[in-house]
Amino acid sequence: MKEKKQLAVVILAAGESTRMGGVRSKALLQLLGKPLLSYVLNAAVSLKPQKVVVVVGKDKEKVTSITREYNAHVVVQEKRLGTGHAFLTARDALKGFQGTVLVLMGDTPLLKGSLLRRLVRTSALCAVASAHLDSPGHYGRIIRDADDSFVEIKEARHLSPKEQNIKEVNTGVYAFQAPEVWPFLEKLKLSSTSEYYLTDVPGIMASQGLKVEVIKFSSMIPFSGVNTPADFHFCLTTLQREINEQLMNRGVIIHHPESTWISPDARVEKGVEIFPYTFILGKSKISAGAIIGPHVYVENSSIGAFTQILAFTHLEGVRIGRECLIGPYARLRPGTRVDSGARVGNFVEMKNTTFGQGSKANHLTYLGDATVGKGVNVGAGVITCNYDGVKKHPTFIGDGAFIGSDCQLVAPVKIGQGAYIGAGSTITKDVPPGALGISRAPQKNIEGYARKKRKKGS
Ligand code: UD1
Ligand code: CA
């Protein structure tokens, strides 16, 4: 049996991102809650290569942290001397590697691994992916001779007026054979812009009679690069449209896809209804029949069947059961679990809290590090004082308890099953099951006070 050829992928992500404002690396830009580079890494790992090498430079620590979950090898290009130099920086990481090296640009978030298989299979010393573009703009062009054979790749800025009409562009995706490719990179000459262009390599190979294959793709869209803010908007909205269309085809009702932003990692079941201006990011899961929005933010959270999340609610790292009613204006923070049939109303914040089945907290409440049982009623303005300035402490509220309005529960504290807490109390001691806990000062009425006060003033 023929031995399977080895595959490595090199992703170039060291650039200065000058055309994007140059403040931070474009690899970090968030598209639907995920950094740009992670889309390219997903495409790379889907090919199951033996090794993935990412070349980093600007913002190297932050960019490196994106690569961790992909088990990629990171190399640093200290000086940004162009794409040819960037690829050469990966040579040591691929020492002894024999096989195909796929080179990807780190700024192409629409890339899909399945498209790249055609390049991986090449036996040529170099394969270049090309595509037709009616407005080729800043992309490098494929220059061919009278016989239509490949001659070289020319960068847009170096084209002659006649060459400007060429509409076959360099997608920026290449397959090279290693170790044969390395000497070509070492011998690259500086361009007039003081960069070592990777794009010069295929032309040099072809001029020496070596085999360069140009693989034409029917669309440039999957290879679109983010070079300018307008490119970023194009990639982001293309991705958004792809995801929303897939979901709608599966029976998800999206009122206004243009203002609905859903991560490729989110799972949204059929029959979910999403109102405008809603974000569903990270590894969120929305179960059938849930209704979300308008103006709702959901990140890394699961929402049970037939639950309704009303306007201006912010959910992060939470689990919500079925048939709950959350919001408007609720904020549920990481570690919170809301069980089925519960009701969380306006200006209620929860952090690391379990809120039991059918319980209610309808207005102006903060529950932090709390375990709330079933059928509990939390009145307006209730606050768990969970932090003493040094440590966080827990609050326990038993099933069926009734917490009156405007109470402070000073943790650690336990409210027993079915207990009542009088409105306006500051509770510092445990309250036994079925008891009334009340801590406010008895009311005094001073008869005739207003009349006396007026007299004094006159
Ligand atoms: C490059 C190609 C162009 C092609 C286009 C496709 C070159 C010279 N030009 O142009 O022919 O049509 O991609 O998208 O290759 N980078 C480094 N180190 C550097 C410079 C760049 O790692 O020193 C990285 C960047 O972070 C980026 C990628 O390489 O992810 C491409 O660089 P970019 O400046 O965007 O090249 P383009 O002008 O798009
Ligand atoms: Ca680019």
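Trainee: Hi! Which side chain of opposite charge is nearest to Glu155, and how far away is it?
Mentor: Good place to start. In this predicted model, the nearest one is Arg157, 4.8 Å away. Glu155 is buried yet has no salt bridge.

Trainee: Where is Glu155 found, and what does it touch?
Mentor: Glu155 is in the loop between β9 (150-154) and β10. Leaving out residues up to four places away in sequence, Glu155 touches Gly140, Tyr197 and Thr199.

Trainee: OK, salt bridges then. How many does the count come to?
Mentor: The count comes to 14. One of them joins Glu168 and Arg144, with the closest N and O atoms 2.7 Å apart. That pair links distant parts of the chain: Glu168 sits in strand β10 and Arg144 in strand β8, 24 residues apart.

Trainee: Is Glu168 buried or exposed?
Mentor: Glu168 is buried, with a relative accessible area of 11%. Arg144 is partly exposed, at 25%.

Trainee: And which residues are linked in a network of salt bridges?
Mentor: Glu16, Lys58 and Arg80 are. Within it, the side chains of Glu16 and Lys58 meet at 3.6 Å, N to O.

Trainee: Switching topic: what volume does the largest pocket have?
Mentor: About 1,000 Å³. Of the 39 residues lining the pocket, the closest to its centre are Arg19, Lys26, Thr83, Asp107 and Asn227.

Trainee: Which element gives the most to that lining?
Mentor: β10 does, with four residues. The lining as a whole divides into 13 nonpolar, 18 polar and eight charged residues.

Methods:
Residues numbered from 1 in each chain as written. Chains lettered and ligands numbered in written order. Predicted model: local features only at pLDDT ≥ 70, side-chain atom pairs only at ≥ 80, totals over all residues. Heavy atoms only, no water. 1 Å grid on protein atoms, 1.4 Å probe; cavity = no way out; pocket = protein on both sides within 12 Å on 5 of 7 lines; lining within 4 Å. Points joined across faces, edges and corners; volume = space filled by probe spheres on them. Helix = DSSP H or I, 4+ residues; strand = E, 2+ residues; numbered from the N terminus. Nonpolar A, V, L, I, M, F, W, Y, C, P; charged D, E, K, R; others polar. Buried < 20%, exposed > 50% of the residue type's maximum accessible area, 1.4 Å probe, protein only. Lys, Arg positive; Asp, Glu negative; His and termini not counted. Salt bridge = Lys/Arg side-chain N within 4 Å of Asp/Glu carboxyl O. Contact = heavy atoms within 4.5 Å.
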